Amino acid sequence: MSHDSQPHDHGTPEPLPRRDFLKVAGFSTAAGLALAGCGRQRTAGEPALPYAEQPEGVIGGRPVWYASTCAGCGERCGLLAKCVDGRPIKLEGNPAHPLNRGRLCAVGQAQVLGVYDSQRLAQPQIGGQAASWEQVDQTVLGALTAARDQRRAVRLLTDTRSGPTSRWAMQQFCAAWGDCQVIVSDALSHSAVGEAHLQTHGVRAWPRLHLARATVVVGVESDFLGSGVAPVEQAADWSRARDLAAPDGRYLYHFQAEARLSLTGAKADQRLPLRPGAAAAWLQDLLNRVARRLGAAQQEATPKPDPRLDELADRLVQARSSSVVLCGLNDLTCQLLANGLNLLLGSYGSLLDLNQSSFQRLTDDAAVVALREELAAGQVGVLLLAGVNPLADLPDGAAWDKLLRAVPLTVQIGERVDETSAACRVLAPEPHFLEAWGDAEPVNGVVSVQQPVIQPRTAARSLVESLSVWSNRPQGGEALVQTAWQAAVWSRRTTDQGWPAFWDQALANGCVEVRPVALPSSVPQALNVAPPPVDTAPLELVLYAKVGQLDGRHAWNPWLQELPDPISKVSWDNYAALAPETAAELHLLEGDEVELTAGGARLKLPVLLQTGQAPGTVAVALGYGRAASRRFAAIGPRWIGAHPSVNDQGLVGGNAAPLRRWADGRLLDWAPVTLQATGRRLELARAQTQESQVLPAHLAPAGDPRREIVQATTLAAFRHNPQAGAEPLHHGPSELWGREHTYPGHRWTMVIDLNACTGCSACVLACQVENNIPVVGRDEVRRRREMHWLRLDRYLDPTSAGLDVAFQPMLCHHCDNAPCEVVCPVLATVHSAEGLNQQVYNRCVGTRYCANNCPYKVRRFNWFNYPHDDPDAELVLNPDVTVRTRGVMEKCTFCVQRLEAAKAEAARTGQPLRDADVQPACAQSCPAGAIWFGDRNDPNSAVARALADPRRYRVLEELGVEPAVNYLRVVRNAPAAAEESHHG
């Protein structure tokens, strides 16, 4: 890490005598930290010193784990925060949480960096000037009183806050101020789902999906494995539904209809490119076919034969209640048609649960439109905004700017200054979720605790604490949570536990399961759907969210900016993705800059050619072009040939939100669009440019143009022959030099199930956080100098028009006959007695011979001492992993620091090291459970059982390098005839 920049001045503490200084435990720095709960809260600007007296149960350098709740998105996964010497450095999923079951997504993994972000809002502001909380409270209470006296409305505009404490605090606040209302607005809206269920079932609810029970799933613009609702839970369930060893022989069939190639569509067995404007008519057609087969009334006349739709209808009818149709469009007609299909099939009660409904995205678009009208009429006296950024997220951001400035008092509650902040008179800083008490109820009846793991590093106050003060009932965060739980959670307990025992168990486990809140009785109603509109636009814009950026709230996070999109493999940018045939019609090449015009809004972006996208569509990611990304103007190495990571406007990417539109009171993410080339060209930072496994003609050996890096087969072929899809080895003996290494003790091995891997990239981020991997910036990625130890390769099958996609995590293979070891002139890379290929950093002189000789190209070279613009961010570094410097080669170590820690713990307890005692970061985080790691010398280990799977193979095995990383073939539930195009 670079120390070129100086830390922010927090004042100079009194000097300590040398003897007293040596008594201080942990590390000391101007930004040093204390354990949560150990002492009073620190005020802004006051220096903090590590504890001089060791708290009971805390050992210097030993990690302490706290159970809490992730707030990176609306899923609200349970997590465990690893704290070392008072600072959280790593987040893991909580195995006790029933939704994410110990797994965590890429966004969740990256949230720990936010604790050390020095650009967070440090203290309250009034009118752009620093203020105290007392001044803020006086201002807000005065405005609230005036609004009540003048009979003007009080409104709280917030993102989804599902916790019982948030609900209780908001109820108390609204009860205190008369005409007061809470309005929920999520930038990624699913409002039409609730509206459709209000019509079809008489209750506004978002059903919870039990995907693990499904045998057929049809997705229509539903990215439930990527940026949709609860992707961590759904990835695990999707993987379980495709278990080849299931006792009942059930194996999920997945059909996806969508415009852009999404993460979920990439994992589908069959995929149909479909424009969003045509989705309603397609769903209507499918509904008619299913209704005809079930003898139910049809909405229209009998449809014309369509072999593909007829086959899909047959599958749905055959599966009946174990089938489900999922629609991700925020369109009422499409959602009503999906509900009608699921009612016909009997999916409600089996796969779709309205009793234990989801509270993860409770957007009410109609209420947002109504608020806008109230603001325009001057009826609102006080507007509080929490977790929302309407000026950047909504299509009419400029209008919202004027409306907010006209309100007598606007208060923004959040962690950072954003686009909306300038229009608000009062800025009230909210702490990072790892610094504050709170809770969440993502699913009705599943309640998790959010407890602080570190003292707040800013003068921040949580939303519920602020609401309690502004309700004239001030309480601290912990007291508020306990009060709300006694009233709304403990009363729903399923045991006879007393309150203290119930609360202690909730803190220890991080969550509890209680009786769901009773919703109004749901009675299916007759389906009444207007005829679908006709899709006539020559070119249609499709707006979507990436798995790393989501709605843009994480634009400040360099880890997520540098994370390559798993589909396009582009980082540090958004772009206008076009199908190759559409680009050819428009005479556009990849990298050409175009100006998009939709509804009067304009945006300039470079073109990216995306195989598998629906012709006549333009796909653009939301969440870019944010003010928070200005900080990256100087990120990356500073050298004479460097290019910035930001664009001409000083931002990362362009904000596509103005291209969105309101229609019938709902926020729509597709619209007619026109393109115009600007004449400029921009090179995208792509981490992978080889789209398929077909070698270029000038590199392909005679008669063998295809290299089966990813092997695949079909379900029918696999059940006929478990070895189906295996490639013949093109070599004789598998050993180059004979058996050189023996492993009398452990022999560490990894198995990756490509059939389960969804490409979510959680493993990539988990590896980066765990192993102190630096961010290098857009220019270095463009030069193929990214530093991720684990990359996620994505391959398209050209024989299927790019509709078959496979993901492959690629990391150091720890080869027995490692080619890198024999060429290193200083023995900086050596083989361990347990099968690890070790990199000795202080020996490495940077010849890069090892990287040249590695067939998997997984070694990374430090071209520079990569600087960090925020010195406080160094506090997130894992002290168990060396920080590498310029001229050093680095790579995956199988998280050897975890292996050594597990060995030390086993020696301390006198117990043998078991297979389950240690997991590398990638395996621990993987939502789909696609990665096994362990000791292959232990026949009872999970990895040994995975090695016995008939689908196992090794990449480039013909080279005789004997890799320790193994893969399991992809098995698609496609017709057996497709085997010819699936490498079998």
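Reply: Happy to! First, one term: helices (H or I, at least four residues) and strands (E, at least two) are DSSP runs, numbered from the N terminus. This is a predicted model, in which local features need pLDDT of at least 70 and side-chain atom pairs count only at pLDDT 80 or more, while totals for chains, interfaces and linings use all residues. Residues are numbered from 1 along each chain as its sequence is written, and side-chain values use heavy atoms, with hydrogens and water left out.

Let's begin with helix H20, residues 762–770. Nine of its nine residues are buried, so H20 is largely enclosed by the rest of the structure. Buried means under 20% relative accessible area, exposed means over 50%, and partly exposed lies in between (1.4 Å probe, protein chains only). The buried residues of H20 include Cys763, Leu765 and Val769, along with Gln768 and Glu770. After H20 comes Asn772, with a positive phi near 55 degrees.

Two strands pair if DSSP finds at least two bridges between them. E41 pairs with strand E32 (residues 748–753) in the parallel sense over four bridges, and Val751 has Asn966 as its bridge partner.

Next, look at an open sheet. Four strands make it up in the order E11-E10-E9-E12, with parallel pairing. Strands E11 (270–273) and E12 (323–327) stand at the edges with a single partner strand each, so one side of each has no neighbour in the sheet. From one strand to the next, the twist averages 10 degrees. Strand E9 (residues 216–220) is joined to strand E10 (residues 253–258) by five bridges, and the two run parallel. One of the pairs is Val220 with Ala257 of E10.

Helix H8 (residues 279–294) and helix H9 (residues 307–319) meet at about 55 degrees, their axes 9 Å apart. Axes are lines fitted to C-alpha atoms, for helices over the stretch in contact, and angles run from 0 to 180 degrees between N-to-C directions. That angle makes H8 oblique to H9, because angles under 35 degrees count as roughly parallel, over 145 as roughly antiparallel, 65 to 115 as roughly perpendicular and the rest as oblique. H8 passes H9 in a right-handed crossing. A crossing is right-handed if the near helix is turned clockwise from the far one by less than a right angle, and left-handed if anticlockwise.

Which residues of H8 and H9 make the contact (heavy atoms within 4.5 Å)? Among them are Trp282, Leu286 and Arg289 of H8, with Leu309, Asp310 and Leu316 of H9. By class, nine residues in the contact are nonpolar, none are polar and six are charged. Here Ala, Val, Leu, Ile, Met, Phe, Trp, Tyr, Cys and Pro count as nonpolar, Asp, Glu, Lys and Arg as charged, and the others, Gly among them, as polar.

Terms used:
Contact = heavy atoms within 4.5 Å.
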